[in-house]
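This briefing covers the pockets of one structure and one of its sheets. The sequence and coordinates are shown first.

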Amino acid sequence: GQRGAFNTHVAYVTVERRGSQSEYRLAIADADGFEEQVILSSKQPLLSPAWTPDGKSLAYVSFEKGRSLIYMQDIASGKREILAEYKGLNSAPSFSPDGSHMALTLSHDGNPEIYVLDLRSRALTRVTHSHGIDTEARFSPDGKTLVFTSDRGGKPQLYRLSLKAGRAQGRPQRITYEGAYNARAAFSSDGGQLVMV
């Protein structure tokens, strides 16, 4: 009774190098890699594509303006808008399950921290405070938890943070200890497991 992956799509970035020039392409395809559709081509890097929960739009990081900015683009129309163009780093977008919020990494207050952006009001809330790098936040299926990568303990490890109405509840808790490098976590659809690099 669980929805399978075979009718879904994947989003990815390819790079084609021609001498000293590179062309970056943001593309989507069927789950098996067929029916590729290029969403955007750029001479500047494209990174971190993230689907909206309804599958109609993608958020991604682009360096088209000489620095990292987060865009959201409608798949059908190609219309896009800038969601984050703060001073410093704008990276690692990820949507809440209901599509009302986005977790992202910003460095405009100093070092990279996790923020939650209310997509309706555009209100921004900082949810981590560390001297390390906090990035790659992902929401749990119920939207009540963020898992993110942080090197606050010396090496990249995964941490969990409880949320309520887009605000942090308590302090982050480290959840990985085995291995020297654990990053880029994502929840299983039931929220009971994590996949990671």
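In this predicted model, 13 residues line the second largest pocket. His 101, Phe 139, Gly 143, Ala 165 and Gly 166 are those lying nearest its centre.

**Second largest pocket**
- The volume of the second largest pocket is about 200 Å³.
- Its lining consists of four nonpolar, five polar and four charged residues.

**Largest pocket**
- The largest pocket holds about 1,200 Å³ of space.
- Two or more residues of its lining come from each of β1 (9-18), β4 (46-51), β8 (90-95), β12 (134-139) and β16 (186-187).
- There are 33 lining residues in the largest pocket, and Trp 51, Thr 52, Pro 53, Phe 95 and Phe 187 lie nearest its centre.
- By class, the lining of the largest pocket has 18 nonpolar residues, twelve polar ones and three charged ones.

**Open sheet**
- An open sheet is formed by four strands in the order β8-β9-β10-β11, with antiparallel pairing.
- At the edges are β8 and β11 (124-126), each of which pairs on one side only.
- On average, and with direction ignored, neighbouring strands of this sheet are turned by 25 degrees against each other.
- Strands in a sheet pair through backbone hydrogen bonds, in either a parallel or an antiparallel way.
- Within this sheet, β9 (residues 101-106) and β10 (residues 113-118) run antiparallel and are joined by six bridges.
- Thr 105 has Ile 114 in β10 as its bridge partner.

Definitions and conventions
Residues numbered from 1 in each chain as written. Predicted model: local features only at pLDDT ≥ 70, side-chain atom pairs only at ≥ 80, totals over all residues. Heavy atoms only, no water. 1 Å grid on protein atoms, 1.4 Å probe; cavity = no way out; pocket = protein on both sides within 12 Å on 5 of 7 lines; lining within 4 Å. Points joined across faces, edges and corners; volume = space filled by probe spheres on them. Nonpolar A, V, L, I, M, F, W, Y, C, P; charged D, E, K, R; others polar. Pairing = 2+ DSSP bridges. Axes fitted to C-alpha atoms, helices over the stretch in contact; angles between N-to-C directions.
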